[in-house]
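Biologist: I would like to learn how to read a model like this one, feature by feature. Please give me the general idea each time, then the case at hand.

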Amino acid sequence: MTDVGRQRRHNEDNVLVAQSLDLFVVADGMGGHSTGHVASALTATSMQNFFEATAQGELPLPTPNDEVDLPRPAERLAQAVRKANRDVYEISSTHKEHRGMGSTIVAIHYDGDESLHIAHVGDSRCYRIRGGGIEQLTRDHSLINDALALKPDLTEDELARLPKNVITRALGMKDAVKVDVQTVKIEPGDTFLLCSDGLSGMISNEQILEVFDLTGDLSEACELLIAMANEAGGVDNISALLVRADDAPPASEAHISAMEVDAPELAVEEVAASIPFSQRYRDIQDTERVRSYRPPPGDPIEEMVVGAELDGLREVMTPDDLAMLAAGGDIEMDGPRSIDEIRVARCMRCDHELYVGNAFCTECGMKIESD
């Protein structure tokens, strides 16, 4: 279930419930209503098409080194996400009207046995409700989380200076993306919540649990969750998808319950068809680290964005690291030494903080243009 919220005019979220494929997806589009909705819809459509095409036989893409030990259903899910990333990137980079669009994704796939496989990119989340408790199973790919991963002892004052609601990983920003994948054992009665940040950013874990004290019906629970997020302000599009392992004697016989919702049709089928088939399944080598988005060579805002990025990092990187980053290379950091010089711009439309490197405002979707 998805809702536009109270402060947006357009819904850029998309939800896919393909129960026949045991595939469930929430995608949160970015880049403004004219492109964000296309990105999330294309993501959902690409995921469904990939699963339908790979129901039998070998997977079409090479397996990254860090995924060789994954069970096949988890590997299939990761490949589907990378394929969706490639589709969004192809359209974004070849169609001027869709330039800069992207999407987050959280997806789960039930393998028919005792395992549930989870993949995500961005800040859309997966929660598990079990035995009266709730657990967030995914970790947001956000600026604050990445800063804490690099240096866990950052103070509250330092964290307060970092831009809020900035994601550091999304589909469509580059031709390859790092996908976080995990496999969890399911127990009868487990309920999994997939949601966009329009929900998780508005209500607490405790409030989510309260809903399941009021009703056991999945549709009613989704309606209540969305109503609570709207009551809290509804500042963004809100999506909630609930999937439950039905009670059954052995866990291996658990079944997944959810209402079927096909991928959106709109014009995405035509958009996807414009991608050459040879490129749809071209070898995509995943990388250990994904740098923040940079405009393509020759882009008029490239010099401004990259220059601002480097200026803002002079206090947290060595000269050698800066030179490597300027050359387009990957770097490893021991952790930021200071964030005083990280520069923050503001959106001309809504005055929301903009982290240099983003191609669009994460609040209102306005594209970042050069002066």
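Biologist: In which helix is the place of Pro73?

Modeller: This is a predicted model, and in it Pro73 sits in helix H2, residues 72–94.

Biologist: What share of the contacts in the chain join residues at least 24 apart?

Modeller: Counting contacts between residues at least 6 apart in sequence, 67% join residues at least 24 apart. As for the overall make-up, the chain has 11 helices and 13 strands, and 51% of its 371 residues are buried. The chain exposes about 16800 Å², with carbon and sulfur atoms supplying 47% of that area.

Biologist: Now the strands. What is the order of the strands in the open sheet of five?

Modeller: Read across the sheet, the order is S2-S3-S4-S5-S8, and the pairing is antiparallel. S2 and strand S8 (180–185) stand at the edges with a single partner strand each, so one side of each has no neighbour in the sheet. On average, neighbouring strands of this sheet are turned by 10 degrees against each other, direction ignored.

Biologist: How many bridges join S3 to strand S4?

Modeller: Eight bridges join S3 to S4 (residues 102–110), and the two run antiparallel. Val26 stands opposite Val106 in S4. On another side of the pairing list, strand S2 (residues 13–18) and S3 pair over six bridges, also in the antiparallel sense. Here Ala18 has Leu23 of S3 as its bridge partner. The hairpin of S2 and S3 has four residues between the strands, and Asp22 takes a positive phi near 55 degrees there.

Biologist: And which residue in S8 does His120 stand opposite?

Modeller: His120 stands opposite Asp180. Strand S5 (residues 115–121) and S8 pair in the antiparallel sense over six bridges.

Biologist: How should I read the two faces of a strand?

Modeller: In a regular strand, side chains alternate between the two faces of the sheet. In S3, Leu23, Val25, Ala27 and Gly29 point one way, whereas Phe24, Val26, Asp28 and Met30 point the other way.

Biologist: Why is S3 described as largely enclosed by the rest of the structure?

Modeller: Strand S3 covers residues 23–30, and eight of its eight residues are buried, so the rest of the structure largely encloses it. The buried residues include Asp28, which points the same way as Phe24, Val26 and Met30.

Biologist: Last, the cysteines. How many disulfides does the structure hold?

Modeller: The structure holds zero disulfides. A disulfide needs two cysteine sulfur atoms within 2.5 Å. For Cys126, the nearest cysteine sulfur is that of Cys195, 8.6 Å away, and Cys126 is in no disulfide.

Biologist: Are Cys126 and Cys222 buried or exposed?

Modeller: Cys126 has 0% relative accessibility, so it counts as buried. Cys222 counts as buried too, because its relative accessibility is 7%.

Methods:
Residues numbered from 1 in each chain as written. Predicted model: local features only at pLDDT ≥ 70, side-chain atom pairs only at ≥ 80, totals over all residues. Heavy atoms only, no water. Buried < 20%, exposed > 50% of the residue type's maximum accessible area, 1.4 Å probe, protein only. Contact = heavy atoms within 4.5 Å. Areas by Shrake-Rupley, 256 points an atom, 1.4 Å probe, with all protein chains shown as cover. Pairing = 2+ DSSP bridges. Axes fitted to C-alpha atoms, helices over the stretch in contact; angles between N-to-C directions.
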